[in-house]
Amino acid sequence: MGAEIGATTSIFPFTEASSRYLKATNREQADKDAKNFENFTKGTGQDSFFKFKADEGAQYDELIEIDLSKLEPHINGPFTPDLSIPLSEFKKTVQEQKWPEKLSAGLIGSCTNSSYEDMTRCESIVKAAEQAGIKPAADFYITPGSEGIRATLERDNTLQTFEKAGGIVLSNACGPCIGQWKRQDDIPKGTPNAILTSYNRNFRGRNDGNLETMNFLASPEIVTAMAYAGSTTFNPITDSLTTPDGKEFKFPAPKGLEGPETPFEAGREVFQVQSGSPNPNVEVAISPSSERLALLEPFEPFPDSDLSGLRVLVKVTGKCTTDTISAAGPWLKYKGHLPNISENTLNTAVNAATGEVNVAYDLDGSKHTIPELAKQWKQRNQPWLVVAEHNYGEGSAREHAALQPRYLGARIIVTKSFARIHETNLKKQGVVPLTFANEQDYDLIDAGDEVATVGLYEMLKNGGQGEVSLRVTKKDTGKVVEIKTKHAVSKDQAGFILAGSALNLLAKGN
């Protein structure tokens with residue numbers, strides 16, 4: 001998750017455990033390659049050794065030391081993965097913040113924390129509770145992390161243990177993490193409620209489309225134990241549950257296996273990688289009435305000049321994640337139909353001028369949803385830009401969060417800062433990401449203002465070299481303001497933007 005906080009690369013040591021895992025999953029060659037790298041000694045000096053450790057004497061912006069012997073479990077949330085609360089303080093925080101004390105559901109698995117060891121550690125908790133005669137008090141869902149993990153857990157009876165306890169085993173897919181599941185409690189939209197998951201993201205509305213569902217992130221073991229309690233104020237380390245015969249039951253420390261005693265199962269063959277040579281003569285036929293599939297038309301190339309006549313569609317305040325820009329859940333059925341999925345563009349963004357969610361105002365003052373106004377401006381051939389704050393595009397590397405604004409007419413996104421993956425995705429779709437050279441200039445530009453670029457075309461033609469500024473004409477007064485910006489456009493990315501998108505450039509064969 002290093003990319004979530006701006007890291008370009010996260011590096012971990014290659015250990016014997018890494019080696020055992022690669023061998024157990026039939027990747028012996030990768031194990032040999034890693035060991036060859038570790039022993040690579042071409043040349044002389046420290047740099048001749050390829051070791052997964054910090055260089056001697058290296059200086060870093062920040063150094064964080066974590067003493068694992070003193071580290072207690074934490075729970076993160078709600079509505080953001082970086083609000084971290086120690087387990088020992090969570091009950092107090094829940095009560096102070098008046099968060100729901102009832103736990104509606106506990107969900108483990110998905111792509112995160114769903115290894116064989118994770119699942120068998122949870123299995124040990126479930127078996128201990130079963131021996132005490134206790135069943136989960138909240139709905140309990142299990143999502144295996146891959147087809148191989150699913151098949152292996154099924155062979156070794158782990159999934160059967162979960163099901164016997166009342167757990168619901170879901171398909172090994174993204175599932176509830178991106179809103180693709182059916183809640184058994186049918187909580188009405190808009191009703192505050194709490195769920196605990198072992199996923200990595202919990203932005204508002206992401207998991208079930210309900211903006212009031214508070215998703216708290218924890219380890220699979222904590223989620224499993226708290227599902228038995230059915231309460232957000234339960235501490236599995238210190239608290240006890242009452243068994244049907246009136247005794248006190250305290251969860252034992254979880255124990256799991258690093259890997260299966262026999263080799264991992266491959267799973268169903270139909271889900272294995274299928275390879276074949278592409279045939280350019282095959283015609284792709286899509287029904288014109290399809291609501292889920294539509295041909296993707298190439299975006300127009302960048303004009304042979306700077307941009308002018310742009311208007312600010314909306315000025316966003318606060319967190320604006322890829323979930324904000326392109327919601328998940330039910331919308332994902334339209335991933336193959338760009339016009340349809342674009343109907344959700346920025347539909348949970350907060351308007352900086354009014355504090356309203358999913359509200360934008362046309363130049364005549366008329367009120368619209370943000371995607372409605374974007375669609376109208378597209379029909380009027382009115383190009384636009386978005387103004388936003390820090391870490392714009394945080395979260396899932398969702399390509400549609402760049403595709404949709406581009407399709408609807410966005411040419412620029414100007415922010416205080418970008419999430420790095422999303423910044424790259426925008427450039428791949430021909431949208432120019434700019435940051436304020438001076439963050440306070442965010443206050444100088446508002447919705448409806450007219451914008452022209454200065455130096456952008458020259459910068460693109462020079463392969464990313466050069467400065468770009470925005471000439472802003474205020475909507476209400478006609479006053480002209482010059483705003484300096486920064487960019488991180490590389491030579492290749494300049495080519496993407498000039499061609500209209502990376503796909504356009506690739507199609508040319510250059």
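Me: Happy to look at this predicted model with you! By class, which residues make up the lining of the second largest pocket?
Reply: In this predicted model, the second largest pocket has a volume of about 530 Å³. Its lining counts 23 residues, and those closest to the centre are Arg204, Gly205, Leu211, Thr324 and Thr348. Sorted by class, the lining has nine nonpolar, nine polar and five charged residues.

Me: Nice. How many cavities of 30 Å³ or more are there, and which residues line the largest cavity?
Reply: The count comes to one cavity of 30 Å³ or more. About 40 Å³ of space lies in the largest cavity. The residues that line the largest cavity are Asn202, Phe203, Arg204, Gly205, Arg206, Asn207, Asp208, Asn210, Thr213 and Asn215.

Me: And by class, what does the lining of the largest cavity have?
Reply: Phe203 is among the lining residues of the largest cavity, and Phe counts as nonpolar. Arg204, Arg206 and Asp208 also line the largest cavity, and Arg and Asp count as charged. The class totals are one nonpolar, six polar and three charged residues.

Me: Let's turn to charges. How many salt bridges does a search of the whole structure find?
Reply: Side chains of opposite charge can pair when their charged atoms come close. Here the cut-off is a Lys or Arg side-chain nitrogen within 4 Å of a carboxyl oxygen of Asp or Glu. With that rule, the search of the whole structure finds 31 salt bridges.

Me: Which parts of the chain does the salt bridge of Arg268 with Glu147 tie together, and how many residues apart are they in sequence?
Reply: The closest N and O atoms of Arg268 and Glu147 are 3.2 Å apart. Arg268 sits in the loop between strand E9 (248-249) and strand E10 (310-317), while Glu147 belongs to helix H5 (residues 147-155), so the bridge ties together parts whose separation in sequence is 121 residues.

Me: Is Glu147 buried or exposed?
Reply: Buried means under 20% relative accessible area. Arg268 has 42% relative accessibility and counts as partly exposed. Glu147 has 9% relative accessibility, so Glu147 counts as buried.

Me: Where do Asp446 and Lys474 lie, and how many residues apart are they?
Reply: Asp446 is in the loop between strand E16 (432-436) and strand E17 (450-454). Lys474 is in the loop between strand E18 (468-473) and strand E19 (480-486). The pair links distant parts of the chain, 28 residues apart.

Me: One more, on helix H2 (residues 28-38): which helix do its buried residues pack against?
Reply: The buried residues of H2 are Asp31, Ala34 and Glu38. They cover an arc of only 65 degrees around the axis, so they are on the same side of H2. Lys32 and Asn36 are exposed on the other side of H2. The buried residues of H2 pack against helix H1 (16-24).

Definitions and conventions:
Residues are numbered from 1 along each chain as its sequence is written. This is a predicted model: local features need pLDDT of at least 70, side-chain atom pairs count only at pLDDT 80 or more; totals for chains, interfaces and linings use all residues. Side-chain values use heavy atoms; hydrogens and water are left out. Helices (H or I, at least four residues) and strands (E, at least two) are DSSP runs, numbered from the N terminus. Buried means under 20% relative accessible area, exposed over 50%, partly exposed in between (1.4 Å probe, protein chains only). On a 1 Å grid over the protein atoms alone, a cavity is a set of points where a 1.4 Å probe fits but cannot get out, and a pocket is an open set with protein on both sides within 12 Å along at least five of seven lines; lining residues have an atom within 4 Å of a point. Grid points are joined across faces, edges and corners, and a volume is the space filled by probe spheres set on the points. The arc is that of the directions from the helix axis to the C-beta atoms. Contact means heavy atoms within 4.5 Å.
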